[in-house]
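Here is a short briefing to read with the model open beside you. Please take a moment to look at the sequence and the fold, and then go through the points by topic.

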Amino acid sequence: PELAHGRGGEAFVSALTHHVAAHGRALSEMSGIEALLACDEELYEGECGPFGQKSDKWEGGYCCAKSSGECCDANVGAIVGLVIGLVALVAGIVVLICWCCKCCCFAKRTANLGPAVMMAPVAQPAMPVVAGVPAAAK
């Protein structure tokens with residue numbers, strides 16, 4: 001995470017000055033001022049980045065924690081979405097290459113079955129007919 005930090009009075013004064021300038025209100029009207037006053041750890045400010053989300057240690061625009069790692073949690077949805085997107089992109093590229101090169105399942109079927117031979121239809125033998133009566137009936 002891209003967080004700036006400080007400890008003790010200097011960090012508190014910096015955070016307080018920034019908070020007052022940003023909101024333009026009296027100290028008694030500011031939300032989270034009690035949390036800033038009660039912070040006995042380091043104060044951090046900044047953003048967690050695209051794959052992080054603010055943890056429960058944030059109050060206002062400041063994080064009160066022992067280390068910057070406690071200020072941001074992993075944004076699991078963004079990470080999973082990125083991984084799925086990358087897998088789909090790679091699979092799409094592989095399929096596109098196979099289609100363009102006509103390989104794998106996109107190859108033309110050219111099995112050698114030998115020369116084509118046309119068969120003439122064979123007529124069925126018929127019973128001879130003599131004077132309107134079949135020959136076998138006589």
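Let's begin with Lys 57, which is partly exposed because its relative accessible area is 33%; buried means under 20%, exposed over 50%, and partly exposed in between, with a 1.4 Å probe and protein chains only. Please keep in mind that this is a predicted model, in which local features need pLDDT of at least 70, side-chain atom pairs count only at pLDDT 80 or more, and totals for chains, interfaces and linings use all residues. Residues are numbered from 1 along each chain as its sequence is written, and side-chain values use heavy atoms, with hydrogens and water left out.

**The salt bridge**

- Lys 57 and Glu 70 meet through their side chains in a salt bridge, at 3.6 Å from N to O; the term stands for a side-chain nitrogen of Lys or Arg within 4 Å of a carboxyl oxygen of Asp or Glu.
- Lys 57 sits in the loop between β3 (52-54) and β4 (58-59) and Glu 70 in the loop between β5 (62-65) and β6 (72-74), so the pair ties together parts 13 residues apart in sequence.
- Glu 70 also counts as partly exposed, at 29% relative accessibility.
- The structure holds one salt bridge.

**Overall layout**

- The protein chain has three helices and eight strands, taken as DSSP runs numbered from the N terminus (helices H or I, at least four residues; strands E, at least two).
- Along the sequence, these elements follow the pattern β-α-α-β-β-β-β-β-α-β-β.
- Of the 138 residues in the protein chain, 18% are buried.
- The protein chain exposes about 10,400 Å², and carbon and sulfur atoms supply 65% of that area, as given by the Shrake-Rupley method with a 1.4 Å probe, where for residues only the protein chains shown count as cover.
- Among contacts with a separation of 6 or more, 47% come from residues 24 or more positions apart; a contact means heavy atoms within 4.5 Å.

**Cysteines**

- A disulfide is a covalent bond between the sulfur atoms of two cysteines.
- Two disulfides are counted here, by the rule that a pair of cysteine sulfur atoms lies within 2.5 Å.
- One joins Cys 48 to Cys 72, with 2.1 Å from S to S, and this link links distant parts of the chain: Cys 48 is in the loop between β2 (42-47) and β3, and Cys 72 is in strand β6, 24 residues apart.
- The link of Cys 48 and Cys 72 is left-handed, with -80° about the S-S bond, and both cysteines are buried.
- Cys 63 and Cys 71 form a disulfide with sulfur atoms 2.0 Å apart; this link is left-handed, with -95° about the S-S bond, and Cys 63 and Cys 71 are both buried.
- Cys 100 counts as exposed at 51% relative accessibility, whereas Cys 98 counts as buried at 13%.

**Helix α3 and its surface**

- Helix α3 covers residues 76-101 and includes Ile 93, which is partly exposed with a relative accessible area of 43%.
- The end C-alpha atoms of α3 are 38 Å apart, in agreement with the 38 Å that its 26 residues should span at 1.5 Å a residue; the expected span is 1.5 Å times one less than the number of residues.
- Lys 102 follows α3 and has a positive phi, near 55°.
- A nonpolar surface patch of about 790 Å² is made by residues including Phe 51, Leu 82, Ile 93 and Ile 97.
- Patches are made of residues with over 30% relative accessible area and no salt bridge, with like charges joined within 9 Å and nonpolar side chains (Val, Leu, Ile, Met, Phe, Trp, Tyr) within 5 Å.
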